[in-house]
Amino acid sequence: ILAIVLLMHAGSGLGSGLGILLVLAVAVGGMLLPGQMAYFFAAVATLAVFGEIGLSLLEAPSGDSEDFTRAGLLGATLFTTAVIAHLIARHIRETEALAEQRGVDLANLSHLNEHVIQRLQSGILVIDEHDQVRLANDTAWVMLQAPRERGGGHLQSLSPELASQLRLWRSEPD
């Protein structure tokens with residue numbers, strides 16, 4: 001903010017168009033830092049702009065009085081940007097927390113499903129479209145009389161008869 005205001009002062013003040021960079025600085029600062037820092041940045045930037053105008057008037061007393069109006073509008077724009085940046089940042093943080101919680105819930109549910117499948121008395125095999133075994137419970141390994149690989153093997157190598165029945169079912173689902 002200070003660097004932008006110094007550049008404005010070195011140029012032609014508010015007429016230089018560099019004030020719009022303050023809006024960007026307030027927006028980025030408000031989104032990256034927690035809490036209500038966006039409002040702090042807007043206040044600092046607004047005070048810096050008014051300070052630059054005051055300094056310009058001290059250097060050249062016949063300055064443009066419209067600069068105060070422009071500074072007021074820029075200050076209002078900075079505070080509006082701060083409000084929007086704060087709301088967006090809060091919404092992003094809430095969404096991130098919700099996504100993290102959903103990820104934990106999904107992992108817990110997956111663990112619970114696997115636990116339930118392992119305890120079933122029926123043999124359960126989960127295979128993909130390439131007939132690779134992705135999940136099998138203990139009962140399935142006993143029924144197949146295969147070593148307990150816990151997935152990864154090809155169905156054809158584990159049980160040619162079951163692989164044949166699967167191909168038949170895929171070709172004629174009815």
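## Confidence in the model

The protein has a mean pLDDT of 86, with 95% of its residues at 70 or more; pLDDT is the predictor's confidence in each residue, on a scale from 0 to 100. This is a predicted model, so to speak of local features we need pLDDT of at least 70, and side-chain atom pairs count only at pLDDT 80 or more, while totals for chains, interfaces and linings use all residues. Residues are numbered from 1 along each chain as its sequence is written, and side-chain values use heavy atoms, with hydrogens and water left out.

Element by element, H4 has the highest mean pLDDT (91) and strand E2 (residues 133-136) the lowest (84). Helices (H or I, at least four residues) and strands (E, at least two) are DSSP runs, numbered from the N terminus.

## Helix H3 and its cover

H3 runs over residues 37-59. Its 23 residues reach 33 Å from first C-alpha to last, close to the 33 Å expected at 1.5 Å a residue; the expected span is 1.5 Å times one less than the number of residues.

Buried residues in H3 are Ala38, Phe41, Ala42, Ala45, Thr46, Val49, Glu52 and Ile53. Here buried means under 20% relative accessible area, exposed over 50%, and partly exposed in between (1.4 Å probe, protein chains only). Their cover includes helix H1 (2-10), H2 and H4.

## A nonpolar patch on the surface

Ile20, Leu21, Leu24, Val28, Leu32, Leu33, Met37, Phe40 and Val44 make up a nonpolar surface patch, with about 800 Å² of accessible area together. Helix H2 (19-32) and helix H3 each give two or more residues to the patch, and H2 has the largest share, with five.

What qualifies a residue? Nonpolar side chains (Val, Leu, Ile, Met, Phe, Trp, Tyr) are joined within 5 Å, like charges within 9 Å. Areas come from the Shrake-Rupley method with a 1.4 Å probe; for residues, only the protein chains shown count as cover.

Take two members. Leu21, in helix H2, is partly exposed at 37% relative accessible area. Met37, in helix H3, is partly exposed too, at 31%.

Met37 and Ala82 sit 45 residues apart in sequence but 8.5 Å apart in space, C-alpha to C-alpha.

Thr81 lies in helix H4 (residues 66-119) and counts as buried because its relative accessibility is 15%. Leaving out residues up to four places away in sequence, Thr81 touches Val23 and Ala27, where contact means heavy atoms within 4.5 Å.

Terms used
Patches are made of residues with over 30% relative accessible area and no salt bridge: like charges are joined within 9 Å, nonpolar side chains (Val, Leu, Ile, Met, Phe, Trp, Tyr) within 5 Å. A salt bridge is a side-chain nitrogen of Lys or Arg within 4 Å of a carboxyl oxygen of Asp or Glu.
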